[in-house]
Each structure stands twice: as structure tokens, then as C-alpha cells.
Amino acid sequence: MRYVTRGALVAAALLGLYGCTTTGTVDSDFPDPVVNKIPLKVGLRYSPEFREYIYRDQIPGEPGWVVIMGSANTTMFDNVVGGMFEETMALDGSGPPTDNVADVDAIIEPELESYEFAIPTEWGTSNFTVWITYRMKMYRPDGTLIASWPVRAYGESRFQFFNKDESLADATTMAIRDAGAYLSLYFDEEPRIREWLREEAAPAVAKRRRARGPVKRR
Amino acid sequence: MTRLAIVALCALLGSGCMTATIEQSRHTLTGVGDGESIVILARSYYNGNNTEGKFIDCIDEQLAKGKRPMTVLADEEFRDAFYPWFEPRTAPKTPADLPALLAVPAIVERINETGLRYIVWVEGSTEALEGGGNISCSVGPGGGGCFGLMWWEKDSDYEASVWDLREVASAGQVAADVNGMSIMPAVVIPVPLIAPTQTTACKRLAEQLKLFLYAGVG
């Protein structure tokens, strides 16, 4: 009887500890951007770490936090990059391409450089706050780097005491949307990208425009 | 002494006491035609605004019912349909930003599809102000209970700025400021009497918005 009681107490303590970890799964529902498409074809690739990204924070003696966001990240970039360019193609692998990738004008690979958040009690606010930094890398088809630049995103969501996981997931969703918004509106303002579009990519852009034909004016 | 008198009066009346101030300023003529719709959006948290999501939902609901119900686009669906142009970072800050937005053909197409005529930006929030009083609770062999009185003041201060997409200009502002005293007398059991300042501000603001939009026809 003593062993059953002890076992029950240990199980209850373990359950209690587990229950102290807040786990938020970020929604993977992101809209396509309403922007003018760049007449190019790009390949899009993700590393396995990016696809399956999970943030974990566990300090002994304090409640833990887990944020599952790999799927949300890939969905956002699929939709945003798909909306920014005339054509996109999913590519395997990660890192600079070692073999020439045929049939694309460039290759884009995002990485998640950092994820941080603040809980309302830390800052004396009523919101969860999330900061995400993505590292965007763009390569030529032969694997040489065109540009590498950070995209810093910010999101907030109102704190709900009995739904902390949802609040944190919502704030993360807002930050991911923020990154997509910044990328889709300011992509061609990145200096190296602007230069590339104006010079190297110009022939490919012109070719696609000729293939499309003249735009009918009403 | 005056504050204590108000608290005592509220206790006698059995409900929270509130005062409401509604203001309006008009810049252009308005009017809502058949097939025209509006959207209510909270100002961006990038500007430090912290309007509650449930307040926006309340305004939507109030405008969509009653005499002369309006066609109100849900804010989340609107942001998705017009992504990335109305995210907290990218949303237009003043009517002077509208021409750049309306220069995007896909945006104009979406506006025509939805019949969108007015964008209403809401800023402000409900805050708890000062409070006082004391309630003491005790439990003994014969039973338990609480005795005392607590009170606190709440202020719901909101302003709605109306942008007319047809005139590409600000149509005006409508503001509602509701101040209320909530009390909690305790005679054995504490009985909270909450002043519904946020709900009242929502209803009064929505009423005034309807008048503003429908009544301002030349």
C-alpha cells in the first residue's frame, strides 16, 4: 500500500511538472500577398531544422515554454514567395547549391536566426510580445550568393490567463505575418537585390515579359 | 468625502455609476449607398495602441444590427484579403497614404469586389484607474464570511477615425469616453457591481458612427 501511495505521489508530481510547460502550436494558415508579381522563376528550399523548428525554453524551477512553428514558417514562405514571383519551384536540400539548378532564375532559402518572446508580467504589459529574426539567402542557379539579409519581425497578442498557449501562438503568428508582409513589400528595396534585379536578372525579366505579350489597355 | 458619497449612492442604487461623453467632428459629407460596406480596424500596436479585439467585435455587431444595419467586413478576413497592406507594420497611417495603396490594381479590384467605402480606425482602450476600500474575510468553526466595501474606477476612452475611400480623404472622427465606478460591497458574500464602461462605450460609439455615416448626406 505504501508503494502504491508513493508511486501515485511521484506520478502526480511528474504530471504537475509536465503541466507547468506551456506548449503553443502556431497556426499554419497564411494568406497569399496581393502584390505585383516579379516576372521570374525562383526555387525555394528549406533545411530540415527550419521545417521542423520547435522553440524550447526550460529553466529549472520555472514553468517551461514550447512553441511548435516549423509548419507555420514553411507555409508562410511558400505563400509569400509564391505570391511575389511569377513562378516558384520547391527544391530539395539546403545550403548553397553544389550543382547548377536548371530552370530557375534564383534560389531562395530562409533560415530562422532567432526567436524570443516576453511574457506580460516581465514587461508590465497586457500582451505577449514575440521577436523573430529570419536570415534570407538568395543564390544564383550555380550556387553563388547574391545576397544575405535579415528580416526582423515583431508580433503582439493579448494575454489570456487560462489560454497562455494560445496567446503565445497568436503573438508568434502576428510576427510571422509581419515577416511575410515586410518581405513581400520591401524585397526589391534590399540594395543587393535591387542591383541584381536591375542588372543580372533584367534579361530574364524582359524575356518573360515578351513571352507574356503586350498588356491590353482598356 | 464626495467620492465616498458617490460610492454610497451607487451601493444604494445597486449598480455601477457611469458618465459618457460623445464627440464628433466632420470633414466631408458621407452616406452609405446600396452595396457599400465598411470595415472597423484597430490602430496598429506599432503606434503603441492597445485596443481590445473584443471591442472591435462589439462595434461590428452593433453596426450590423438594429435600424439600418450596415454591411461590415470582419477585420480578420479583411486583413487576409488585403494582405500585406493592413498589417500592424504596413497599414496606412494617414489618409495621405491612400493614393499609394489605390495605385495597386489588385487592391482596387478587391475594394470593388467587397464594395468597401469606409475604413474606420479605432484607437483607445479600457483602463482601471484608482480604487480603494477594503474587504476582510474570515473562517471560523461556526462559519465564515466577508465584510467591507471596495470600489474602483474604470475609463473606456475610444476614438474612431473614418476614411472615405471614394473621396480618398478623412471623413471625420467620432469619440466616446465612458467613465464608471464599480463597487463590491461584502456582507458575508462579496457582491460585485461592475460598471460596464466598455460595453457602453461600444454601443454609444457604434450609435454615433451610424448617425455620422448615414446622416452626413449632402
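Start with the disulfides: a search of the whole structure finds two over all chains, a disulfide being a pair of cysteine sulfur atoms within 2.5 Å. This is a predicted model, in which local features need pLDDT of at least 70, side-chain atom pairs count only at pLDDT 80 or more, and totals for chains, interfaces and linings use all residues. Residues are numbered from 1 along each chain as its sequence is written, chains are lettered from A and ligands numbered from 1 in the order in which they are written, and side-chain values use heavy atoms, with hydrogens and water left out.

**Stop 1: two cysteine pairs**

Select B:C58 and B:C202, which are joined by a disulfide with an S to S distance of 1.9 Å. This pair links distant parts of the chain, 144 residues apart: B:C58 sits in helix α2 (residues 53-63) of chain B and B:C202 in helix α6 (residues 197-215) of chain B. Helices here are DSSP runs of H or I with at least four residues, strands are runs of E with at least two, and both are numbered from the N terminus. Look along the S-S bond of B:C58 and B:C202 and you have a left-handed link, at -100 degrees.

Now select B:C137 and B:C146, whose sulfur atoms are 2.0 Å apart in a disulfide. Which hand does the disulfide of B:C137 and B:C146 have? The torsion about its S-S bond is about 105 degrees, so it is right-handed.

Show the surface next. Both B:C58 and B:C202 are buried, where buried means under 20% relative accessible area, exposed over 50%, and partly exposed in between (1.4 Å probe, protein chains only). B:C146 is buried as well, with a relative accessible area of 11%, but B:C137 is exposed, at 52%.

**Stop 2: a serine in a strand**

Stay in chain B and pick B:S182, found in strand β6 (residues 169-190). Is B:S182 buried or exposed? B:S182 counts as buried because its relative accessibility is 0%. Leaving aside neighbours within four places in sequence, B:S182 is in contact (heavy atoms within 4.5 Å) with B:M150, B:W151, B:W152, B:L193, B:I194 and B:A195.

**Stop 3: where the chains meet**

Colour the two chains differently and turn to their interface. The contact takes 19 residues from chain B and 23 residues from chain A. Together the chains bury about 1800 Å², 54% of it on carbon and sulfur atoms; buried area is the accessible area (1.4 Å probe) that two parts lose on being put together, summed over both. Select B:Y45, B:Y83 and B:R89, the residues of chain B that lose the most area to chain A, together 42% of what that side buries.

How many salt bridges cross the interface of chain B and chain A? The rule finds three, each a side-chain nitrogen of Lys or Arg within 4 Å of a carboxyl oxygen of Asp or Glu. To see a salt bridge, select A:R177 and B:E87, whose side chains meet at 2.8 Å, N to O. On the side of chain B that touches chain A, the elements giving two or more residues are α3 (75-81) and α5 (105-114) of chain B. Of these, α5(B) gives the most, with four residues.

**Last stop: chain A as a whole**

Finish by showing chain A as a cartoon, and find its seven helices and eight strands. Of its 218 residues, 45% count as buried.
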